[in-house]
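Please read the following points alongside the model. They are set out as a colleague's note, one topic at a time.

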Amino acid sequence: MTDDYLWDRTGSIDRDVERLETTLATLRYRGDAPVPPAAMLGRARTWLGVAAVLAVGIGIGWMVLRTTLAPPIEVQTVTGTATIDGRPALDGQRLDTGSWLTTGTNAKVRVRIADIGHVTVYADTRLGLQETKAGLVHRLRLDHGTIDALITAPPRLFVVSTPSALAVDLGCAYRLEVDASGEGLISVALGSVALEGDGYVATVPEGARCRLYANRGPGIPWFTDAPDALKRAIEPLSVTEILDHARPRDVLTLWHLLWHVDAARRSEVIDRMIDLVGIPPGLDPDRARQLDRDALQAWWDDIELDW
């Protein structure tokens with residue numbers, strides 16, 4: 001005798017099993033057969049597929065809706081007077097692409113940057129809107145004057161162009177000042193800003209400043225708590241003074257200094273950086289001396305953690 005009868009009712013039947021079947025016959029289920037597990041799995045997969053399609057559709061729809069209905073660039077005068085394209089600015093007025101906001105003496109204006117933050121515009125400032133695409137980029141132009149920017153968005157969604165450089169937001173708060181000659185200063189209070197110009201990028205982290213030079217692009221950043229002797233040496237580019245007064249934290253300045261000196265002095269800067277903070281394991285100092293971007297980026301990523 002085999003056990004086949006217990007599974008598919010084939011083979012010989014055991015008498016005890018027969019008696020048990022007879023006793024339980026009155027309790028037999030007489031409804032529809034239950035759905036086999038495989039079929040249930042198939043249905044579940046079908047509904048999961050439908051749910052996934054719906055989720056994707058809803059997500060795309062939301063992105064399109066957000067792009068279409070995102071708040072515009074709006075102006076709110078706090079104090080003083082301001083004009084948009086020569087006409088008095090109205091509270092809540094939209095700043096359109098190609099328009100210019102100009103503030104008067106003692107003025108203070110708040111500009112909402114869609115749904116990612118705002119810019120405070122101070123007296124005697126000329127600020128234009130170059131481009132705005134919700135979820136993509138918002139680009140302003142600071143011709144001259146002073147602004148404070150407070151942005152909470154992924155990196156590179158907010159950009160301010162100046163006569164000397166682009167200030168690319170990396171998620172931060174900062175003050176940007178530009179004079180009539182096109183030169184300026186950026187002071188970062190939170191996060192960091194990338195200054196791009198003349199083929200050179202200066203990354204300015206929280207607590208640091210950097211000058212912008214007309215027709216030359218950004219300069220060399222420094223921390224505001226750096227030794228005064230070091231800060232005084234940056235403007236005339238007195239390399240020896242900078243190296244002598246640099247602290248471990250001031251490798252920010254030394255790292256950017258590498259792009260402003262010749263090969264011989266570059267080697268001195270590299271040696272001083274190694275003295276101050278060491279060099280990541282496996283990184284060849286000679287690659288850094290040759291301005292190998294991958295090597296320098298790896299070094300930057302390492303020292304940035306200590307700020």
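1. Where is the place of Gly199? Gly199 lies in the loop between strand S14 (192-197) and S15, where helices (H or I, at least four residues) and strands (E, at least two) are DSSP runs numbered from the N terminus. Gly199 is exposed, with a relative accessible area of 76%; buried means under 20% relative accessible area, exposed over 50%, and partly exposed in between, with a 1.4 Å probe and protein chains only. Gly199 and Arg216, 17 residues apart in sequence, are 9.7 Å apart in space from C-alpha to C-alpha.

2. On provenance, this is a predicted model, in which local features need pLDDT of at least 70 and side-chain atom pairs count only at pLDDT 80 or more, while totals for chains, interfaces and linings use all residues. Residues are numbered from 1 along each chain as its sequence is written, and side-chain values use heavy atoms, with hydrogens and water left out.

3. Taken as a whole, the protein chain has 9 helices and 18 strands, and buried residues make up 37% of its 307 residues. Of the contacts (heavy atoms within 4.5 Å) with a separation of 6 or more, 39% are between residues 24 or more positions apart.

4. The structure holds 2 aromatic pairs, where rings of Phe, Tyr and Trp (its six-membered ring) pair if their centres lie within 6.5 Å, and planes under 30 degrees apart count as stacked, over 60 as edge-to-face and the rest as tilted. The rings of Trp255 and Trp259 have centres 4.8 Å apart and planes at 55°, so this pair is tilted; Trp255 is buried at 8% relative accessible area, whereas Trp259 is partly exposed at 25%. Trp255 also forms a tilted pair with Trp300, at 4.6 Å centre to centre and 55° between the planes. This second pair links distant parts of the chain, with Trp255 in helix H6 (residues 251-257) and Trp300 in helix H9 (residues 293-304), 45 residues apart.

5. Helix H9 has 12 residues and reaches 16 Å from its first C-alpha to its last, close to the 16 Å expected at 1.5 Å a residue, the expected span being 1.5 Å times one less than the number of residues. In H9, Ala295, Leu296, Trp299, Trp300 and Ile303 are buried. They cover an arc of only 135° around the axis, which puts them on the same side of H9; the arc is that of the directions from the helix axis to the C-beta atoms. Arg293 and Asp294 are exposed on the other side of H9, while the buried residues of H9 pack against strand S15 (200-205), H6, helix H7 (263-277) and helix H8 (285-289).
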